[in-house]
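I opened this notebook to record what I looked up in one structure. The entries follow the order in which I worked.

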Amino acid sequence: MPVVTVQEISKRYTPQGPLAVDGVSFAIEQGEIFSLLGPNGAGKTTTIAMLSTLLPPTSGDAWVSGHSVRSAPMQVRQSIGVVPQELALYDSLSARENLRFWGEMRGLQGQALADDIQHKLELTGLSERAGDRVNTYSGGMKRRLNLAVGLLGAPPLVLLDEPTVAIDPQSRRHILDWVKSMREGGQTVLYTTHYMEEAQELSDRIGIMDQGKLIALGTLEELVRLVDARQTLILSLAQEGGGEELAQRLAAVEGIAHADASNGEITLNAASAQRALPIALAEAGALGLTVRNIAIREPNLESVFLHLTGRALRD
Amino acid sequence: MNKLWTLARKEVLLAFRDRGALISMLLTPFLLTLAIGAAFGGGGDQPLRNVPVLLLNRDQGALAAYVVEAFESEQVQGLVLAERVNDEAQARQRMDRDEVAALVILPADFSARLLAAADPQAAADDPTLVEVYASPSWRIGTAVTQAIVAQVLEGMHMGVRGIQAAIGQLAQEAAAPPAQLAALGAALGQTMLEAPPPTRAAITLEIDSAGYRPFRWLDYTAASMAVLFMMFTAMAGGRSLLHEREGGTLPRLLITPNPAPVILLGKMAGVAATGVLQMVILWRATGLLGAYWGATWQAVLVTILALVFCATGLGALIAAWARTTAQAGALGTGITLAGAALSGSFFPRMNLPGWVQTLSLLTPNAWGIEIFSRLQTGQCLVDVAPYLAGTLALALVYYVVATLGFRRQFSA
């Protein structure tokens with residue numbers, strides 16, 4: 001039986017507004033790391049908010065450990081640990097005080113709580129600063145503490161909403177390793193990110209979201225197969241303008257599946273990047289554009305997203 | 001219960017770790033009390049002023065008019081604010097509304113009974129001669145009224161007895177025929193009543209003021225400033241709910257396995273505990289300056305608890321209906337300052353017009369100042385019980401409206 005079952009769940013914030021999440025369905029098995037990948041505004045955070053019972057779904061339902069988020073929110077909350085995208089800590093309290101407060105609010109107490117706090121402090125590398133107020137911490141330290149709070153009490157399901165946004169590489173590595181260790185400990189993880197590399201590194205399965213919809217779902221290999229082994233060619237232009245026209249011209253060329261211009265770069269999917277490259281350079285020259293840099297990438301989630309949406313993931 | 005304690009402890013910890021909040025909560029009101037106490041004098045007693053008294057005179061006789069005139073004389077001007085009335089029902093309604101300290105009724109046979117009495121002293125002491133209805137909440141004002149009535153009656157019985165003695169002596173000596181003696185008696189009585197004030201017995205009040213303490217700026221300011229700044233704390237506490245919502249800690253709290261009402265209740269309990277601690281610290285600290293808050297610590301503490309409960313309710317109400325922290329901040333500050341101005345946080349409440357005093361009862365400030373003023377002038381817990389009940393009733397209204405607002409917020 002899956003730990004999480006999501007069935008046709010939708011969310012509309014205002015009666016006349018657009019659907020932030022539109023009929024999304026998926027399931028997550030015990031001990032799995034499942035990533036929701038998508039650009040900002042894709043509906044990942046709203047999905048997490050509904051699964052964590054913070055927001056009621058407009059339609060559909062979801063079950064966590066067999067409990068409906070609609071009819072049994074309290075039981076759902078007992079089974080989950082949530083790490084929100086924004087830091088949700090008390091700055092005037094120390095790391096130890098924060099952990100104690102949030103642990104008690106989860107119903108932990110006594111020696112079990114004290115041991116758990118000590119374990120989390122060691123795991124986050126915050127033991128030496130445990131008594132210092134959080135407002136004296138670096139961004140990375142706060143992120144790690146934010147994560148530790150969500151993992152108090154070893155919940156069977158952990159919902160991680162973009163936990164590595166705006167942090168240093170060292171803290172990011174720390175967090176990614178920690179997430180992997182959760183799987184080893186038998187915990188189930190739902191991880192949202194817009195970093196393709198993180199989803200590739202961590203996930204057993206990946207759901208790709210865009211504009212509120214789940215547009216693809218599968219293992220990394222299954223998703224890459226969707227793009228018919230196309231390569232991605234990225235041209236960096238010296239000029240700021242003119243990229244859109246070049247992308248339009250290239251998109252019409254046979255053998256090029258998608259072409260997209262953004263931030264002075266042209267990204268295109270092609271069965272063979274080597275074959276597409278001379279055409280792209282010729283078209284750029286015809287438009288008076290200078291190519292400053294060329295990169296060729298093997299199929300990955302970026303190309304999958306480009307293939308599915310016609311846009312780059314970073315948009 | 002554990003969760004409530006956890007939440008409340010966190011609130012208190014956050015409040016007392018914020019240096020800015022500590023300055024606002026404790027240092028500022030303490031310094032203001034110190035400054036105002038020093039400027040106006042901690043021991044600078046202000047005499048009782050303008051005790052409102054209603055006079056209902058049903059007697060056409062000269063002696064009743066003399067009593068009325070005594071209340072309006074220069075000798076008691078400033079001390080008593082007498083008002084003649086004709087409608088007893090209306091006068092009693094005003095008594096019920098606690099607008100006046102006393103109602104003095106002179107019955108239709110007042111003058112006749114006093115003049116015809118064989119023993120004027122016994123007549124003057126007869127409690128049915130003058131009816132004085134006193135308000136229990138105007139303890140000192142009532143004492144003033146009764147003292148004036150007693151003084152005037154004392155003067156009258158002395159005068160009547162003197163005339164009776166003189167006429168009796170003349171009758172004994174057969175110095176004049178009875179008809180002339182009667183006319184002489186009437187003339188002497190008229191002379192007594194028409195005598196200019198200096199020749200009348202001066203009204204020297206001997207007020208039964210056991211337990212009464214006069215107004216002192218230091219006492220008044222200590223309590224009024226503590227109430228005002230506790231209001232700021234309660235408003236900030238309510239506002240912190242919105243701050244937590246915007247900062248992400250409230251959503252995180254709401255997905256812990258606890259019902260939303262427990263989270264709100266715990267947070268409000270923490271705000272209330274902060275307010276109580278603040279007021280208790282200010283009470284003890286201003287006590288070191290010589291400020292007097294009340295005869296018993298129990299009365300002061302009960303008042304603090306009721307008042308903080310009420311103020312926290314107002315803070316919750318604003319938090320429940322405001323959309324942003326900034327909006328709640330503006331509303332809370334505006335309401336607190338307006339309430340302070342209307343309630344008499346900056347000047348003696350008793351000097352405010354009656355309608356302002358009544359209007360201000362929509363704010364916790366007014367109830368707080370009213371109760372502490374009474375405790376400071378010697379009233380006890382039983383005396384202020386109606387005001388405590390009023391405070392709690394107002395709190396109930398706040399919490400009901402706040403609950404409606406929170407339901408709307410959390411069901412969205």
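**Conventions.** I noted that this is a predicted model, in which local features need pLDDT of at least 70, side-chain atom pairs count only at pLDDT 80 or more, and totals for chains, interfaces and linings use all residues. Residues are numbered from 1 along each chain as its sequence is written, chains are lettered from A and ligands numbered from 1 in the order in which they are written, and side-chain values use heavy atoms, with hydrogens and water left out.

**Chain A as a whole.** I found 11 helices and 14 strands in chain A; helices (H or I, at least four residues) and strands (E, at least two) are DSSP runs, numbered from the N terminus. Of its 315 residues, 52% count as buried. Buried means under 20% relative accessible area, exposed over 50%, and partly exposed in between, with a 1.4 Å probe and protein chains only. I then looked at contacts (heavy atoms within 4.5 Å). Among those in chain A between residues at least 6 apart in sequence, 69% join residues at least 24 apart.

**Helix H1 of chain B.** I checked the length of this helix, residues 2-17. Its 16 residues should span 22 Å at 1.5 Å a residue, and the end C-alpha atoms are 22 Å apart, which agrees. The expected span is 1.5 Å times one less than the number of residues. Which residues of H1(B) are buried? Among them I listed B:Leu7, B:Val12 and B:Leu14. The buried residues of H1(B) pack against helix H3 (95-105) of chain A, and also against helices of chain B including H2 (19-40) and H9 (217-247).

**Aromatic rings.** I counted eight aromatic pairs over all chains. A:Phe101 and A:Trp102 form an edge-to-face pair, 5.1 Å centre to centre with 75° between the planes. Rings of Phe, Tyr and Trp (its six-membered ring) pair if their centres lie within 6.5 Å; planes under 30 degrees apart count as stacked, over 60 as edge-to-face and the rest as tilted. A:Phe101 is buried at a relative accessible area of 2%, and A:Trp102 is buried at 2%. A:Tyr90, A:Phe101 and A:Trp102 form one aromatic cluster. I also saw that B:Arg252 lies over the face of A:Trp102, at 5.6 Å from the ring centre. A charge sits over a ring if NZ of Lys or CZ of Arg is within 6 Å of the ring centre and within 35 degrees of the ring normal.

**Salt bridges.** How many salt bridges are there over all chains? The count comes to 27, where a salt bridge is a side-chain nitrogen of Lys or Arg within 4 Å of a carboxyl oxygen of Asp or Glu. A:Arg249 meets A:Glu245 in one of them (3.7 Å, N to O). Both lie in helix H9 (residues 243-251) of chain A, four residues apart, about one turn of the helix. An α-helix has 3.6 residues a turn, so residues three or four places apart point the same way. A:Arg249 is partly exposed at 34% relative accessibility, and A:Glu245 is partly exposed at 42%. A:Arg249 also forms a salt bridge with A:Glu283, the closest N and O atoms being 3.2 Å apart. This pair links distant parts of the chain, with A:Glu283 in helix H10 (residues 273-286) of chain A, 34 residues from A:Arg249.
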